[in-house]
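Visitor: I have the sequence and the model open, and I am new to this. Could you walk me through some details?

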Amino acid sequence: MTQAPSPSSTTRPRILTGDTPTGRLHIGHWVGSIENRVRLQDEYECYFLIANLHAFTTRADKPEEIERDTYEILKDWLAAGIDPERSTIVLQSDVPAITELTWHLSMLLPFNRVMRNPTLKDELELKSLGDKYSFGFPLYAVGQCADILVFRPALVPVGEDQLAHIEMCREVARRFNHTYCGVDPTTADEDHVKAGGLLPIPEGKVGRVGRLVGVDGAAKMSKSLNNAIFLHDTAAQIKKKVAQIFTGRTDMNAPGDTSNALFQYVRAFISDPARVAELEDRYGRGDNIGDGHVKAELVPAIDALLAPIRERRAQLEGAAGDARVREILAEHSKRANAVAGETLGLVRERMKLVFTQKK
């Protein structure tokens with residue numbers, strides 16, 4: 001396995017992003033973030049994090065499921081094109097610096113600020129947690145800041161729904177730099193490090209489709225809502241699910257709404273811009289083209305994207321695939337801890353927490 005560069009030996013800007021292991025990935029993940037990650041691997045020093053500790057915030061009683069999903073998500077990443085020779089895979093539970101930094105950052109964020117995070121509010125509602133969530137549930141929002149900042153990235157590729165987390169991360173980085181590094185709070189974000197700050201103020205980068213609607217035509221694509229097309233789905237499964245995309249249109253000779261769910265998929269997965277424009281024009285005018293005609297073109301377009309991913313994924317099944325995943329995680333944990341440990345050491349210095357090593 002190729003040895004990755006040491007934490008300070010590369011001049012490429014750094015990326016950190018990741019996913020909580022909740023099951024297999026779907027095409028919403030692809031257009032929202034995974035596609036970006038694959039494309040940026042040669043341009044950036046990339047760290048991709050599997051947030052398995054965050055999975056415990058709502059499934060603390062299901063460690064076996066979380067372990068299984070950790071394997072599954074890494075296999076999906078590899079099949080999608082994440083290259084362990086060019087990028088570093090970070091298993092959250094193998095990097096103790098993240099946990100300690102979460103503690104330090106939590107002192108800089110008021111509880112009310114954390115609870116105002118709209119993504120947190122949405123998850124409380126979506127998962128029907130009411131007031132029965134664990135103390136660790138809101139803490140994970142701070143943990144996401146630590147996930148990012150411990151690697152000091154310039155860029156964080158995310159889905160649109162995660163931008164609120166990135167903004168809180170940017171906020172706490174500014175506070176750390178002001179409190180412990182003496183950076184003037186009026187300093188422009190891009191100048192924080194130049195002004196003596198330890199933590200860069202990272203920018204979020206949304207994929208070409210910020211939020212892909214599910215095949216129900218209503219909610220965001222999600223495994224839990226049973227409205228997802230998965231990266232491992234067969235051609236037959238894709239066809240069946242695409243057929244379910246609801247538009248409400250009944251007359252192929254009546255003008256259609258090209259802002260509907262079906263055409264969100266057309267624009268996301270049919271690669272020929274001229275053909276997309278033609279379909280939009282005919283559908284919008286009601287030129288003898290129904291949902292079925294459009295879906296018949298959409299199915300092979302999605303299958304062409306997923307076929308090589310399915311093939312690579314099949315090669316990672318079984319005991320051999322599990323062994324490959326363990327090998328990658330063991331090697332990459334060394335890389336990740338080298339970077340995270342360097343950051344945490346500097347954090348401790350700035351916070352005046354280094355005593356035993358002083359001369």
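Visitor: Which residues does His192 touch, not counting residues up to four places away in sequence?

Guide: First, some ground rules: this is a predicted model, where local features need pLDDT of at least 70, side-chain atom pairs count only at pLDDT 80 or more, and totals for chains, interfaces and linings use all residues. Residues are numbered from 1 along each chain as its sequence is written, and side-chain values use heavy atoms, with hydrogens and water left out. Contact means heavy atoms within 4.5 Å. By that test, His192 touches Arg174, Asn177, Val183, Thr187, Gly197, Leu199 and Ile201.

Visitor: Is His192 buried or exposed?

Guide: His192 is found in the loop between H8 and E5. Helices (H or I, at least four residues) and strands (E, at least two) are DSSP runs, numbered from the N terminus. Buried means under 20% relative accessible area, exposed means over 50%, and partly exposed lies in between (1.4 Å probe, protein chains only). His192 has 2% relative accessibility, so His192 counts as buried.

Visitor: Asp189 forms a salt bridge with Arg170; how many residues apart in sequence are the parts that this pair ties together?

Guide: A salt bridge is a side-chain nitrogen of Lys or Arg within 4 Å of a carboxyl oxygen of Asp or Glu. In the bridge of Asp189 with Arg170, the closest N and O atoms are 2.7 Å apart. Asp189 lies in the loop between helix H8 (163-181) and strand E5 (203-206), while Arg170 is in helix H8, so the pair ties together parts that are 19 residues apart in sequence.

Visitor: What residue forms a salt bridge with Glu65?

Guide: Glu65 is partly exposed, with a relative accessible area of 30%. The closest N and O atoms are 3.3 Å apart, and the partner is Arg59.

Visitor: How many salt bridges does the structure hold?

Guide: One of them joins the side chains of Asp287 and Arg285 (3.4 Å, N to O). Some residues are linked in a network of salt bridges: Arg24, Glu72, Asp76, Arg313 and Glu317. The structure holds a count of 31.

Visitor: Which elements do the buried residues of H2 pack against?

Guide: Helix H2 covers residues 52-59, and Asn52, His54, Ala55, Thr57 and Arg59 in it are buried. These buried residues pack against strand E2 (45-50), helix H3 (63-80), strand E3 (87-91) and H7.

Visitor: At roughly what angle do the axes of helix H9 and helix H12 cross?

Guide: Axes are lines fitted to C-alpha atoms, for helices over the stretch in contact, and angles run from 0 to 180 degrees between N-to-C directions. The axes of H9 (residues 235-242) and H12 (residues 291-314) come within 9 Å. They cross at roughly 145 degrees.

Visitor: By class, how many nonpolar, polar and charged residues does the contact of H9 with H12 have?

Guide: Ala235, Ile238, Lys239 and Val242 in H9 meet Lys295, Leu298, Val299, Ile302, Asp303, Leu306 and Arg310 in H12. Ala, Val, Leu, Ile, Met, Phe, Trp, Tyr, Cys and Pro count as nonpolar, Asp, Glu, Lys and Arg as charged, and the others, Gly among them, as polar. The contact has 7 nonpolar, no polar and 4 charged residues.

Visitor: How many disulfides does the structure hold?

Guide: A disulfide is a pair of cysteine sulfur atoms within 2.5 Å. For Cys46, the nearest cysteine sulfur, that of Cys169, is 17 Å away. For Cys145, the nearest cysteine sulfur is that of Cys169, 4.8 Å away. The number of disulfides is 0.

Visitor: What is phi of Asn226 near?

Guide: Most residues other than glycine have a negative phi. Asn226 sits in the loop between E5 and H9, and is exposed, with a relative accessible area of 68%. Its phi is a positive value in a residue other than glycine, near 55 degrees.

Visitor: What distance separates the C-alpha atoms of Pro13 and Asn117?

Guide: Pro13 is found in the segment before strand E1 (14-19). Pro13 is partly exposed, with a relative accessible area of 38%. Pro13 and Asn117 are 104 residues apart along the chain, and their C-alpha atoms are separated by 28 Å.
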